[in-house]
Amino acid sequence: MTLLQFPADRRTADVRRCADALQRLHGEEANRFWRSEMAQFAQGFRAQGVDEDEIRHQAALFMNAVQMELQYAFAEEGRDASAY
């Protein structure tokens, strides 16, 4: 097991940055953004000597955190819209 100083799903600034970008982007542009983010994500972990299984695990945690942030933002928009 690799001990990570900052597990991917706890990198709240990165999670929010990605969620914000994905709310603005659509289609192929969103796909390109996400692929680029995940490539940089993996590259950063590889540079730290993290093994591929742990990188996959951290990527799954990060993707889930971004998805949760998107769901939260969507729920907030729904609450704001119903207030009118």
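This is a predicted model: local features need pLDDT of at least 70, side-chain atom pairs count only at pLDDT 80 or more; totals for chains, interfaces and linings use all residues.
Me: What makes the span of helix H1 close to the expected one?

Reply: Helix H1 covers residues 12-24, which is 13 residues, and reaches 18 Å from its first C-alpha to its last. The expected value, at 1.5 Å a residue, is also 18 Å.

Me: Which residues of H1 are buried, and how do you know that they share a side of the helix?

Reply: The buried residues in H1 are Val15, Cys18, Ala19, Ala21 and Leu22. They lie on the same side of H1 because they cover an arc of only 165° around the axis. An α-helix has 3.6 residues a turn, so residues three or four places apart point the same way.

Me: Which exposed residues does the face turned away from the buried side of H1 carry?

Reply: That face carries Ala13 and Arg24, both exposed.

Me: Why is the contact between arginine 10 and aspartate 9 called a salt bridge?

Reply: The closest N and O atoms of the two residues are 3.9 Å apart. A salt bridge requires a side-chain nitrogen of Lys or Arg within 4 Å of a carboxyl oxygen of Asp or Glu, so the pair qualifies.

Me: Why is arginine 10 called exposed, and why is aspartate 9 called partly exposed?

Reply: Arginine 10 has a relative accessible area of 62%, and exposed means over 50%. Aspartate 9 has 22%; buried would mean under 20%, so aspartate 9 counts as partly exposed.

Me: What makes the salt bridge between glutamate 69 and arginine 16 a link between parts apart in sequence?

Reply: The side chains of glutamate 69 and arginine 16 meet at 3.8 Å, N to O. Glutamate 69 lies in helix H3 (residues 52-82) and arginine 16 in helix H1, so the pair ties together parts that are 53 residues apart in sequence. Both partners are partly exposed, glutamate 69 at 22% and arginine 16 at 46% relative accessibility.

Me: How do you know that glutamate 52 and arginine 46 form a salt bridge?

Reply: Their side chains meet at 2.7 Å, N to O, and the cut-off is 4 Å, so the label applies. Glutamate 52 is partly exposed, with a relative accessible area of 35%, and arginine 46 is partly exposed at 45%.

Me: Which residues do salt bridges with shared partners join into one network, and how many salt bridges does the whole structure hold?

Reply: Asp14, Arg17 and Glu37 are joined into one network. A search of the whole structure finds seven salt bridges.

Technical notes. Residues are numbered from 1 along each chain as its sequence is written. Side-chain values use heavy atoms; hydrogens and water are left out. Helices (H or I, at least four residues) and strands (E, at least two) are DSSP runs, numbered from the N terminus. The expected span of a helix is 1.5 Å times one less than its number of residues. Buried means under 20% relative accessible area, exposed over 50%, partly exposed in between (1.4 Å probe, protein chains only). The arc is that of the directions from the helix axis to the C-beta atoms.
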